[in-house]
Amino acid sequence: MSFIEAIKRYQESGDAAAIEMIREALNYDYLRSPTGMTFDKPEMYVAFRCLRLLRGRLATIKYILEHEYGLRSHEDSPDYVFGELSAFVQANTGVKVTLENFKEHESFLREYLVVGYHEFEDVYEQLIGKRQTLWHQLTSEIVDKHWPTLEKALKDALDRVDTNRSEREIIRYINYVTRTAYYRHQFEGMRRVRRGGATKYVKPKYFGPHYAIFGQISVDFTNFSGRQRQLIERIVAVIEKDYADGRIENYAVDMNGGYRIVNRHIAEQLGVHEASISRSLAKIRSVKH
């Protein structure tokens, strides 16, 4: 079944074959593509664009390979090591070992390369896809982590694409919508916070009523007056009820993602003027605690 046919089936019945084809294409090592950026399967163009959406995270793999594993050049790549070992065997025995005939010479290589055979076997299995390269292992971890968001974005694109268009137009449309939807889904459930000229997207978290009031979880009430403690208790009751009822839209969020009270909302719940609450809280927060 072709990729375009799989998209049609997805639109008709929700069949996941098109998604699975893209997911499988994400495993291809595009860095070692013998045809450059020309691929024989249309889903590979979609998968490549998905990897580009993760390029910032994937770029860190190069640093990890170089600084944590000591792999600093193409001389550490499986194909280079295979070529070096093959050339060594041919120079000393006259036997030319290739990917195609490696298994035929396995017994001979195991006997001749007493120490180096396992390295030869390892790079051979990497090259034929039987064993993951270190690059693949690290890439897979990143793709797996972000796949849920990518999958949602891809489904948005597959739902909307016009399959009567040409294959080129279909791929371009899927890539465009996937990119837009991926960034949108990343910020689902997040709030935009602006403080001191800085802007940050954070996932809201409930650290408790005292954090909502003071911006810290632990608070020492020793120096508060009786009236101040009573006000705090009333505000805490409002916060806890709002949180229990799921009414959190009236709360602000700080740069840590923590919910913070909005004086106007608290004043409305307590039936007092906002200015009165603001003055009282300013005095309370000025007390050392």
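**Note on a buried glutamate and its surroundings**

1. Glutamate 121 is found in helix α7 (residues 117–127), where helices are DSSP runs of H or I with at least four residues, numbered from the N terminus. The model is a predicted one, in which local features need pLDDT of at least 70 and side-chain atom pairs count only at pLDDT 80 or more, while totals for chains, interfaces and linings use all residues. Residues are numbered from 1 along each chain as its sequence is written, and side-chain values use heavy atoms, with hydrogens and water left out.

2. Glutamate 121 is buried yet has no salt bridge, and the nearest side chain of opposite charge, arginine 110, is 4.5 Å away. Buried means under 20% relative accessible area, exposed over 50%, and partly exposed in between (1.4 Å probe, protein chains only); a salt bridge is a side-chain nitrogen of Lys or Arg within 4 Å of a carboxyl oxygen of Asp or Glu. Lys and Arg count as positive and Asp and Glu as negative, whereas His and the chain ends are not counted.

3. Leaving aside residues up to four places away in sequence, glutamate 121 touches Phe102 and Glu106, contact meaning heavy atoms within 4.5 Å.

4. Asparagine 175, which lies in helix α9 (residues 167–186), is buried, with a relative accessible area of 14%. With residues up to four places away in sequence again not counted, asparagine 175 touches Tyr45, Val46 and Arg49.

5. In α3, the buried residues include Val46, Ala47 and Cys50.

6. Phenylalanine 88 is found in helix α5 (residues 78–93) and is partly exposed, with a relative accessible area of 42%.

Conventions:
Helices (H or I, at least four residues) and strands (E, at least two) are DSSP runs, numbered from the N terminus.
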